[in-house]
Amino acid sequence: MRLLTDYMLSSNIKGVTNGFPLRLEVEKSVEKEVDFNADFLKNMFPKIEWKALVDAFRSMGYTELPNEAESPMLDSKEFLKKFHHALLQLHLEEGALICPETGRRFPVSKGIPNMLLHEDEVFDEVYQIESQF
Amino acid sequence: MIKPVFRVIIPNNNRFPKLIPPSFSEEKDTSKCRPDQHQHCASHGSHQLASRFCVRSDSLMIFDVTRAGRCCYRPWKVFSSPIIVVDSVSHWRAFSTMTNVQVDCASKLPTIASDGDSQMQQSVQLNEEQTRSSLSVKSTPDIEQKYVHRVYDAIAPHFSSTRFAKWPKVATFLNSLPSGSLVLDAGCGNGKYLGLNPDCFFVGCDISAPLISICAGRGQEVMVADAVNLPYRTGFGDAAISIAVLHHLSTESRRKKAIDELVRVVRKGGLVLITVWAVEQEDRSLLTKWTPLPHMYVEEWIGPSSPHVRSPSTFLLESIPETENSCGDCLKDFVELSKERLTDTHLTSQREDGSVGSRDGNNIKNQQEYFVPWHLPYHRAEVSGASACALANGLAKKDDKKGAVVYNRYYHVFIEGELERLVSGIDNAVIVDQFFDKSNWCIILEKT
């Protein structure tokens, strides 16, 4: 699981008001190469709260990126490469994602997070649908 | 004019069912709402009940009352209390296994006093033309567990080996997305479409762990998740696709919720492509290989020992006073009532224009619920494991002539206009295209 994915996930356990970002519990991480796509990085940058991402990078042991980042930095190829590496090439293979409110662990095994909720965690929204008879 | 809603609530922890009078529907427990869903918890308008509200699920389970569109809140002459029509087969099963009855006093919800009958009669006003029904959405119904999830888990490698052809319409959609888009594939199966556009970044999810493993083996970014409850933040994706997924959801509310989720997870201006199997199959001979559902569905879920109930669409639940001992009696009454009710009720189905038509086993035109077989060749079925289990449980059968284990997959195939109707209630998305292609109904939405 890449850090980008971690960043876009949210805990949707019932009662949780702020389910992101999910904290990383790293048991095993690997690096996997991904094709570089500057368009994608520039598209993602504004969607990201940099501080939260930096925390994730650090928990994976990557310290090459600054604590703060502004969009002009996207013009720098060097910055983009580091951003690319941290966002897309660092993989969590084994570990867990932790809900920031409840501490509930969503396990990550062989790089695959399991985000399924248990029955008692499901937020039972009531949907009303008009029907005619 | 306020249209009160009367619904039956059954706690999801096998506690005693109770009726919630309409006044409750005006309360909301917004602390339990996710902030990005807060709009769904808006207080009710003065002239109509809001379309959604939040309830605490630790003491509730809601019966699905629109199984076939036959919902009524109609006083029943035999009993003095109003009767609610319910038809959620999956929840019926839970109800029928209740043995220890506990009265739930912990809930904040108003409960009905033992003389609640009079309260109910006063507060319920029936609207003969229309009613609203409340549905539990996120708990997976039994029929999907058994005839979708477990089947795909068992057939995953074989299924994946047959899923390689890229559907041109989907490919066109994906290739038309701007370079650098983040695309979310909800119900990605074997990941056929992940990475189709090399300029986009794809994230897939599916409820089947074996299928997801296959995707991961190809280096795709995937996770195990539920399409009815996507674990993504709101508005993060640039596009979302749902290819041949929604027809595996067994209630209209779940299908609608899944669509809502697809819209939720894309940004403003983001696109959503949905495709589903159509009733109007181009190859009509296919339908003869499918098992139309009412009888089989009901028998499967009620079980051989229960009284035979003809239609999943006309279950009835009497209002139940809150006493400890009456569970068994209620169950009996439930069953008796169902039998009585059914002698003069036809199987019904709801057409997209809202009219109700009768549906019998022979009327294929209105038939939308099916079991569709999957033949898993013996040499692909493992010696021990899922297939052996499925055979033992009766969920799969052997076909020696074809040398295959035959699984049934549950489908709700869509009728013309149904997708459009489902999305019509979504206020933050518009339809930008809809079409019929290769026996599938397809729709493209844009989030506004």
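Where does P21(A) lie in chain A? You'll find P21(A) in the loop between α1 (3–8) and β1 (23–31) of chain A. Here helices (H or I, at least four residues) and strands (E, at least two) are DSSP runs, numbered from the N terminus. The peptide bond leading from F20(A) into P21(A) is cis, with omega near -5°. Another loop, the one between β3 (105–109) and β4 (112–113) of chain A, holds K110(A). K110(A) isn't a glycine, yet its phi is positive, about 55°. For background, most residues other than glycine have a negative phi, and most peptide bonds are trans.

Before we go on, some ground rules. This is a predicted model, where local features need pLDDT of at least 70 and side-chain atom pairs count only at pLDDT 80 or more, while totals for chains, interfaces and linings use all residues. Residues are numbered from 1 along each chain as its sequence is written, chains are lettered from A and ligands numbered from 1 in the order in which they are written, and side-chain values use heavy atoms, with hydrogens and water left out.

Let's stay in chain A and look at its helices. Two packed helices are described by the angle between their axes and the distance between the axes. Helix α3 (residues 50–59) of chain A packs against helix α4 (residues 77–89) of chain A at about 65°, and their axes are 10 Å apart. (Axes are lines fitted to C-alpha atoms, for helices over the stretch in contact, and angles run from 0 to 180 degrees between N-to-C directions.) Who touches whom, if contact means heavy atoms within 4.5 Å? From α3(A) come W50(A), L53(A) and F57(A), and from α4(A) come F79(A), F83(A), A86(A) and L87(A). Sorted by class, that's seven nonpolar residues, no polar and no charged ones. The classes work like this: Ala, Val, Leu, Ile, Met, Phe, Trp, Tyr, Cys and Pro count as nonpolar, Asp, Glu, Lys and Arg as charged, and the others, Gly among them, as polar.

Some of those names come back in a cluster of rings: ring pairs link F45(A), W50(A), F57(A), Y62(A), F79(A) and F83(A). Rings of Phe, Tyr and Trp (its six-membered ring) pair if their centres lie within 6.5 Å; planes under 30 degrees apart count as stacked, over 60 as edge-to-face and the rest as tilted. Over all chains, the count comes to 17 aromatic pairs.

Now hop over to chain B. One open sheet there has seven strands in the order β9-β8-β7-β10-β11-β20-β19, with mixed pairing. Two strands pair if DSSP finds at least two bridges between them. At the edges stand β9 (222–224) and β19 (429–437) of chain B, each with a single partner strand, so one side of each has no neighbour in the sheet. From one strand to the next, the twist averages 15°. Inside this sheet, β11 (residues 266–277) and β20 (residues 440–447) of chain B pair in the antiparallel sense over seven bridges, and L273(B) stands opposite I444(B) in β20(B). Helix α5 (residues 209–217) of chain B lies across β8 (201–206) and β9 of chain B, running at about 165° to β9(B).

Chain B also has an open sheet of four strands, ordered β12-β16-β18-β17, with antiparallel pairing. Its edge strands are β12 (291–292) and β17 (396–399) of chain B, and each pairs on one side only. Helix α3 (residues 142–162) of chain B lies across β16 and β18 (404–412) of chain B, at about 125° to β18(B).

Finally, α3(B) meets α5(B): their axes come within 7 Å and cross at roughly 35°. Y152(B), D153(B), A156(B), P157(B), F159(B) and S160(B) of α3(B) make the contact with A209(B), P210(B), L211(B) and I214(B) of α5(B). By class, that contact has eight nonpolar, one polar and one charged residues.

Note on methods: Contact means heavy atoms within 4.5 Å.
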